[in-house]
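Colleague: Could you take me through the labels on this one? I'd like to hear what stands behind each of them.

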Amino acid sequence: MVKEKEVDIEKLHRKCQEGECDLYSFLEKELPELSIEDRLKVMAEILNDYLEEYDYDQADKLKRESYSITKFKPKKR
């Protein structure tokens, strides 16, 4: 991951939970300076800690360059 800027995983997770879009789309908006690979690493870190707070459907995917990315949407409380 990018070393110049330390990423606050919990803060990103909480902010995503307040929104309406899927996790990767949220990270694109919040961290536009990161490469797709680095954004996917951040996404993996968030899901590693907070997977139970997201809904997903394996068939619902985003396409970014050569990647097919499952949409993880915040569960509504």
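**Labels and their cut-offs**

Modeller: Let's start with Phe 72, which counts as buried because its relative accessibility is 12%. Buried means under 20% relative accessible area, exposed over 50%, and partly exposed in between, with a 1.4 Å probe and protein chains only.

Colleague: What should I keep in mind about the model itself?

Modeller: This is a predicted model, where local features need pLDDT of at least 70 and side-chain atom pairs count only at pLDDT 80 or more, while totals for chains, interfaces and linings use all residues. Residues are numbered from 1 along each chain as its sequence is written, and side-chain values use heavy atoms, leaving out hydrogens and water.

Colleague: Why does Tyr 56 count as partly exposed?

Modeller: Tyr 56 has 45% relative accessibility, so it counts as partly exposed.

Colleague: What makes the pair of Tyr 56 and Phe 72 tilted?

Modeller: Rings of Phe, Tyr and Trp (its six-membered ring) pair if their centres lie within 6.5 Å; planes under 30 degrees apart are stacked, over 60 edge-to-face, and the rest tilted. The count by this rule is one aromatic pair. Its ring centres, in Tyr 56 and Phe 72, are 4.8 Å apart with planes at 40°, so the pair is tilted. Tyr 56 sits in strand β1 and Phe 72 in strand β2, 16 residues apart. Strands here are DSSP runs (E, at least two residues), and helices are runs of H or I with at least four, numbered from the N terminus.

Colleague: What makes β1 and β2 a pair of strands?

Modeller: Two strands pair if DSSP finds at least two bridges between them. Seven bridges join β1 to β2, and the two run antiparallel. In their hairpin, with two residues between the strands, Glu 65 takes a positive phi near 50°.

Colleague: How do you know that the buried residues of α1 line one face?

Modeller: In helix α1 (residues 9–18), Ile 9, Leu 12, His 13, Cys 16 and Gln 17 are buried. Seen down the axis, they fall within an arc of 135°, so they line one face of the helix. That arc is taken from the directions from the helix axis to the C-beta atoms. Exposed Lys 11 and Glu 18 are on the face turned away from the buried side.
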